[in-house]
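Trainee: I am new to this structure and would like to go through it slowly with you. Could we take it one residue at a time before turning to the whole chain?

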Amino acid sequence: MHQCSICETNQTEGIFVYHVFICPSCEVSIIQTEPEDPNYRFFVNKLKRLQQQTLNS
Ligand SMILES: [Zn+2]
């Protein structure tokens, strides 16, 4: 079980991006989000912040 870093729910399957766990539904959301979409910026910023946390810890 891992906790998805985006939706913060526990999932048995998913992927790791920069050591950040993402569940399949959030992965699809990120892939389907256009760069012009405000949500895209939200996802990218969230991943960047999580990546920095991982590097600093
Ligand atoms: Zn998720």
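Trainee: Does Cys7 count as buried or exposed?

Mentor: This is a predicted model, in which local features need pLDDT of at least 70 and side-chain atom pairs count only at pLDDT 80 or more, while totals for chains, interfaces and linings use all residues. Residues are numbered from 1 along each chain as its sequence is written. A residue is buried if 20 or more other C-beta atoms, placed from the backbone, lie within 10 Å of its own, exposed if 12 or fewer, and partly exposed in between. Cys7 has 12 C-beta neighbours inside 10 Å, so the class of Cys7 is exposed.

Trainee: With which residues is Cys7 in contact, leaving aside its neighbours within four places in sequence?

Mentor: Cys7 belongs to the loop between β1 and β2, where strands (E, at least two residues) and helices (H or I, at least four) are DSSP runs numbered from the N terminus. Two residues are in contact if their C-beta atoms, placed from the backbone, lie within 7 Å. Once the neighbours within four places are set aside, the contacts of Cys7 are Cys23 and Cys26.

Trainee: Which value does phi of Glu8 lie near?

Mentor: Glu8 also has its place in the loop between β1 (2–3) and β2, and it is exposed, with 9 other C-beta atoms within 10 Å. Its phi is positive although the residue is other than glycine, and the value lies near 60°.

Trainee: How far apart in space are Lys48 and Glu8, C-alpha to C-alpha?

Mentor: Lys48 is part of helix α2 and is exposed, because 12 other C-beta atoms lie within 10 Å of its own. In sequence Lys48 and Glu8 are 40 residues apart, and in space their C-alpha atoms are separated by 16 Å.

Trainee: Why is Ser29 partly exposed?

Mentor: Ser29 sits in helix α1, which covers residues 24–32. Its class is partly exposed because the number of other C-beta atoms within 10 Å is 16.

Trainee: What pattern does the chain follow along the sequence?

Mentor: The secondary structure of the chain comes to two helices and four strands. Read along the sequence, these elements follow the pattern β-β-β-β-α-α.

Trainee: What is the radius of gyration of the chain?

Mentor: The radius of gyration is taken over C-alpha atoms, and the globule rule is 2.2 Å times the number of residues to the power 0.38. For 57 residues that rule gives 10 Å, and the chain is close to it, so it is as compact as a globular protein of that length, with a radius of gyration of 11 Å.

Trainee: Where in the chain is confidence lowest?

Mentor: Confidence is given by pLDDT, the predictor's score for each residue from 0 to 100, and the chain averages 86. Where pLDDT is low, the predicted coordinates should not be read in detail. Strand β2 (residues 10–11) has the highest mean, 96, whereas the lowest, a mean of 79, belongs to helix α2 (residues 38–56).
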